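Hi,

Here is the structure I said I would pass on.

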Amino acid sequence: MDIVNYDMYGLLEKAIEDAFDGKMTLDFYSYLRSNKVLKREVEEFIESTVADEISSLVMDLEEYLEGGSDDVHKQLREGYGHISKPQARKIKIYLYKILEDAWQYERDKRPGRRKKSSK
């Protein structure tokens with residue numbers, strides 16, 4: 001794993017922790033662009049356990065927001081009950097945006113997407 005990937009994964013882990021502390025400052029698309037992350041590297045992230053973790057958190061928060069009285073919802077209330085529903089909604093949107101940014105960046109890096117220089 002190269003330094004960019006190591007930094008990227010560390011940054012994402014911190015962004016997840018920060019989100020639950022009410023700090024949602026990472027613009028992942030800007031990070032990818034400014035660090036000129038390769039298409040291969042963003043594809044690796046999309047398939048990574050970190051992306052899976054973010055996706056699972058998003059789904060858990062969605063279920064928590066939906067509510068319900070079954071055992072799954074009871075466990076989610078126990079796990080996320082310390083977070084208000086408006087805050088949980090913000091966290092869910094923020095974490096999903098990280099995934100969307102990765103997907104968008106990967107699409108933008110496809111061949112044939114180069115901007116032509118004007119002469």
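Predicted model: local features only at pLDDT ≥ 70, side-chain atom pairs only at ≥ 80, totals over all residues.

Let's start with α4, which covers residues 49-66. Its 18 residues reach 25 Å from the first C-alpha to the last, close to the 26 Å expected at 1.5 Å a residue. Which of its residues are buried? They are Val50, Ala51, Ile54, Leu57, Val58, Leu61, Tyr64 and Leu65. Looking down the axis of α4, these buried residues fall within an arc of 145°, so they line one face of the helix.

Next, the packing of α3 (residues 39-46) with α6 (residues 85-108). The two helices pack at an angle of about 145°, with their axes 9 Å apart, and the crossing is left-handed. From α3, the residues involved are Lys39, Val42, Glu43, Phe45 and Ile46; they meet Ile98, Leu99, Ala102, Trp103, Tyr105 and Glu106 in α6. By type, the residues of this contact divide into eight nonpolar, three charged and no polar.

Is Ile93 buried or exposed? Its relative accessibility is 53%, so Ile93 counts as exposed, the cut-off being over 50%. The C-alpha of Ile93 is separated by 9.7 Å from that of Leu61, 32 residues away along the chain, and Leu61 is one of the buried residues of α4.

Cheers

Methods:
Residues numbered from 1 in each chain as written. Heavy atoms only, no water. Axes fitted to C-alpha atoms, helices over the stretch in contact; angles between N-to-C directions. Helix = DSSP H or I, 4+ residues; strand = E, 2+ residues; numbered from the N terminus. Left-handed = near helix turned anticlockwise from the far one by under 90°. Contact = heavy atoms within 4.5 Å. Nonpolar A, V, L, I, M, F, W, Y, C, P; charged D, E, K, R; others polar. Expected span 1.5 Å × (residues − 1). Buried < 20%, exposed > 50% of the residue type's maximum accessible area, 1.4 Å probe, protein only. Arc of directions from axis to C-beta.
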